[in-house]
Amino acid sequence: MDAQAWEKVDRLIDENQNKTIKDYFAEDPDRAGRFSLEAAGWFLDYSKNRIDAAMMKALVKLAEKSDLKNEIEKMFTGRKINATEGRAVLHTALRNIDKNAKIKVDGKDVMPGVRRVLKQMGDFADLVRSGKWKGFTGKRIKYVVNIGIGGSDLGPVMANIALTPYSKRYLKFYFVSNVDSTHLVETLREVKADQTLFIVASKTFTTQETMSNAQAAKSWLVEKLGDKKAVARHFVAVSTAEKEVAAFGIDTKNMFVFWDWVGGRYSLPSAIGLSLMISIGRNNYARFLKGYYRMDRHFRTARFERNMPVVLALLGILYHNGYGAESYCVLPYDQYLSRFPAYLQQMDMESNGKGVTKDGEKVPYTTGPIEWGEPGTNGQHSFYQLIHQGTHLIPCDFIGFSKTHNPVGDLHDKLMANFFAQTEALAFGKTADECRKEGVEERLVPFKTFDGNRPTNTLLADELTPETLGALIALYEHKVFVQGVIWNIYSYDQWGVQLGKVLAKGILDDLTSKKPKLRHDASTNQLIARYRKTLSR
């Protein structure tokens, strides 16, 4: 992070430390319009933040000093910005709907391959949706079970729930990720073997959790249908490991590839989205990609001060590094987006949860805020108390839609009334004098006073559609990218998830062998011994 540019931001924080959001609104009658912008079907009102024109100018300067424009071009043009793994970062190519687009990695245009896999996904989805794809006994598919973990699970499950109104209701979709056997067993209780399609999503076909669940599902299927040949009609793969896929029993014609320049948490618009393609169909999937593309174009071309992902990223840095906010909350006021906060957790915290700069030095400032959230209005009866009157500063993003897919009486009006009211309450609060005017007993005044000055962003779209969902995902992807650039960290590797996996392999031997080596620390050895003793009873 550029020290000189940040010094200006820091100075403005000190100069305005006694100003509140309420004060800013009182000073500028046009503030709401001044701090709002539109892109790709989304309207962002960021006026309820601790900012003025001078602060936004200083934050934009911070982005410019980070060489952000050049870094954006590096990503979009296939430069290997994932330097620790020597890979390009090209999830934007997956949704590039420009038929004439050419994007090269190591001198080879990747777009023909992207289009080929997309067509293969669409053709297969058509077969399943129409009933032409038959299971081993000749019955059509009714149940689809996606087996994956991390980005191979969080993205598909989030998007399938989000786009339920566009789904083929005859088909039922399930998602298995946890290596806890309960997750698989409870899912298998809901489906019938002769009508179930399993999608095994693993790039290398060696991911422990995914392949353990896949092997167990395979054994269940063979037991139910009585023939190993059934696997070829009930399993498909999203992978690049042709040999391993074939050895599993899957016809490699039904293997959908993706590439090493697609990071797991950014892989939803790749073949990882096969379950979504089956659910909503190729036309709606094309609309989904169009939404991504529109936000990509906006991010790549808009001036920073009018660039939605850049503005959100800069505001996040302001609170995280300037005000010490350790977390931020994402609050979708739409039940269909119930898994969106969980999806963002991986995207944000796995990307920017880094403590080392690109130069290999310890980062001298904090990075990677904690992301969390729940759909409204559930959260209002859970953790909003902490946000309104607690001692932590927690900036919030509120996400809502003017129209609902399920109009019932005035329920949507009530939902949106809460949506708008919460940002108003957080920004402006309630003073002690206001409490007294309402007749609040004096001894209760301190308890019913709200300080306000709690920052929020409001994201509003007309309706939750494939386009607006695609654009929303891209918005947060690019926000995370911008913050990583400014913090001078690598956002596209995830070495932090490896150590535990490696240690687990050794511990597994200790759990299952007759003579465990127990070469761990005293605590771990004790826990392993207790576990083994329990199982031996």
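Two or more lining residues come from each of the elements α8 (151–162), α10 (208–225), α15 and α21 (498–512). The model is predicted. Helix α15 also packs on a sheet, where it touches β10, β11 and β12 (396–401).

**Largest pocket**
- The volume of the largest pocket is about 1100 Å³.
- Helix α21 gives the most to the lining, with 6 residues.
- By residue class, the lining divides into 17 polar, 13 nonpolar and 9 charged residues.

**Open sheet**
- An open sheet with mixed pairing is formed by 6 strands, in the order β1-β2-β13-β12-β10-β11.
- Strands β1 (36–39) and β11 (370–372) stand at the edges; each has a single partner strand, so one side of each is left without a neighbour in the sheet.
- On average, neighbouring strands of this sheet are turned by 15 degrees against each other, direction ignored.
- Strands β10 (residues 327–332) and β11 run parallel and are joined by 3 bridges.
- S327 has I370 in β11 as its bridge partner.
- The direction of α15 makes about 165 degrees with that of β11.

**Residue N352 in α15**
- N352 belongs to helix α15, which comprises residues 340–352.
- N352 counts as buried because its relative accessibility is 0%.
- Apart from neighbours within four places in sequence, N352 is in contact with T367, G368, V480, Q483, G484, W487, I489 and S491.

Note on methods. Residues numbered from 1 in each chain as written. Predicted model: local features only at pLDDT ≥ 70, side-chain atom pairs only at ≥ 80, totals over all residues. Heavy atoms only, no water. Helix = DSSP H or I, 4+ residues; strand = E, 2+ residues; numbered from the N terminus. Buried < 20%, exposed > 50% of the residue type's maximum accessible area, 1.4 Å probe, protein only. Contact = heavy atoms within 4.5 Å. 1 Å grid on protein atoms, 1.4 Å probe; cavity = no way out; pocket = protein on both sides within 12 Å on 5 of 7 lines; lining within 4 Å. Points joined across faces, edges and corners; volume = space filled by probe spheres on them. Nonpolar A, V, L, I, M, F, W, Y, C, P; charged D, E, K, R; others polar. Pairing = 2+ DSSP bridges. Axes fitted to C-alpha atoms, helices over the stretch in contact; angles between N-to-C directions.
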